[in-house]
Amino acid sequence: MGGVLAVLGPLGRLNAALCTAGRAIGVAAIAVMVAVTLLQVVMRYVFNNALPWPDEAARFCMLWMTGLMAPTALRHGGFVAIDSLLMALPVRLSSLLSLILLSIAMLVLVMGLSIGWAEVNGLGGRFDTASLYLPTSWGFDSWYRIPRSWMMLSLVVGFAMLILVNLELMLRALMGLFGAADRLPMVRNPVLGSAE
């Protein structure tokens with residue numbers, strides 16, 4: 001179990017750092033998404049002049065927010081789950097069931113990562129977005145059209161982070177299976193500021 005703990009410590013710190021950065025960027029993406037949506041509502045219904053880019057910008061932010069915040073939700077048990085069976089079972093059986101379920105989830109995540117990579121490098125990723133541009137000069141006289149692959153990259157980043165978190169959860173379940181759950185480092189909840 002010492003080897004598992006030796007891997008679990010650095011992996012837990014890596015996941016904590018990645019999840020913290022993901023939450024910060026995700027919050028910024030939510031703020032931008034809300035701002036551009038409100039701008040579009042005002043332009044459409046007050047000025048009767050809808051802008052072409054806010055819908056696509058909001059979708060871009062939503063995809064990145066989801067990809068960057070989902071690992072935190074997985075790590076802290078924030079997804080919807082029926083865990084009454086896990087709580088009713090003894091610790092070792094509960095850990096075994098968790099390990100089985102996490103192994104199935106790992107297969108799904110690896111498939112999702114390959115699908116995301118195919119989207120980035122596939123036909124859709126070779127095109128540019130319809131209306132999103134970045135300025136390439138301080139005078140705003142030249143613009144770069146954002147590739148769709150940047151949007152699809154959120155799938156790759158999100159699934160890669162979810163795989164790392166799932167691996168950490170699998171190692172934790174393995175420790176519980178062998179009766180060493182009391183030796184596990186605590187995971188701090190970023191919302192409540194407490195350990196779980």
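Helices (H or I, at least four residues) and strands (E, at least two) are DSSP runs, numbered from the N terminus. The model is predicted: local features need pLDDT of at least 70, side-chain atom pairs count only at pLDDT 80 or more, and totals for chains, interfaces and linings use all residues. Residues are numbered from 1 along each chain as its sequence is written, and side-chain values use heavy atoms, with hydrogens and water left out.

**Exercise 1. Salt bridges**

Find the salt bridges of the whole structure and say which residues they join.

Solution. 
Step 1. A salt bridge is a side-chain nitrogen of Lys or Arg within 4 Å of a carboxyl oxygen of Asp or Glu.
Step 2. Search the whole structure. Two salt bridges turn up.
Step 3. Take Glu-168 and Arg-75. Their closest N and O atoms are 2.8 Å apart, and the pair forms a salt bridge. This pair links distant parts of the chain: Arg-75 belongs to helix α2 (residues 54-75), Glu-168 to helix α5 (residues 148-177), and 93 residues separate them.
Step 4. Take Arg-172 and Glu-168. Their side chains form a salt bridge at 3.5 Å, N to O. Both residues sit in helix α5, four residues apart, which is about one turn of the helix.

**Exercise 2. Buried or exposed?**

Are Glu-168 and Arg-75 buried or exposed?

Solution. 
Step 1. Set the cut-offs. Buried means under 20% relative accessible area, exposed over 50%, and partly exposed in between (1.4 Å probe, protein chains only).
Step 2. Check Glu-168. Its relative accessible area is 1%, so Glu-168 is buried.
Step 3. Check Arg-75. Arg-75 is buried, as is Glu-168.

**Exercise 3. Cysteines**

Solution. 
Step 1. A disulfide is a covalent bond between the sulfur atoms of two cysteines.
Step 2. Apply the cut-off. The two sulfur atoms must lie within 2.5 Å.
Step 3. Compare. The sulfur of Cys-19 is 20 Å from the closest cysteine sulfur, in Cys-61, so the two are too far apart for a bond.
Step 4. Count. The structure holds zero disulfides.
Step 5. Place the residues. Cys-19 is buried at 2% relative accessible area, and Cys-61 is buried at 11%.

**Exercise 4. A residue and its contacts**

Which residues does Gln-40 touch, not counting residues up to four places away in sequence?

Solution. 
Step 1. Locate Gln-40. It lies in helix α1 (residues 2-45).
Step 2. Gln-40 is buried, with a relative accessible area of 5%.
Step 3. List the contacts (heavy atoms within 4.5 Å). Gln-40 touches Ala-50, Leu-51, Pro-54 and Asp-55.

**Exercise 5. Positive phi**

Where are Asn-48 and Phe-140 found, and what is phi of Asn-48 and of Phe-140?

Solution. 
Step 1. Take Asn-48. Asn-48 is in the loop between α1 and α2. Its phi is near 55°, a positive value in a residue other than glycine. Asn-48 is exposed, with a relative accessible area of 70%.
Step 2. Take Phe-140. Phe-140 is in the loop between β1 (128-135) and β2 (143-147). Its phi is near 55°, again positive in a residue other than glycine. At 52% relative accessibility, Phe-140 is exposed.
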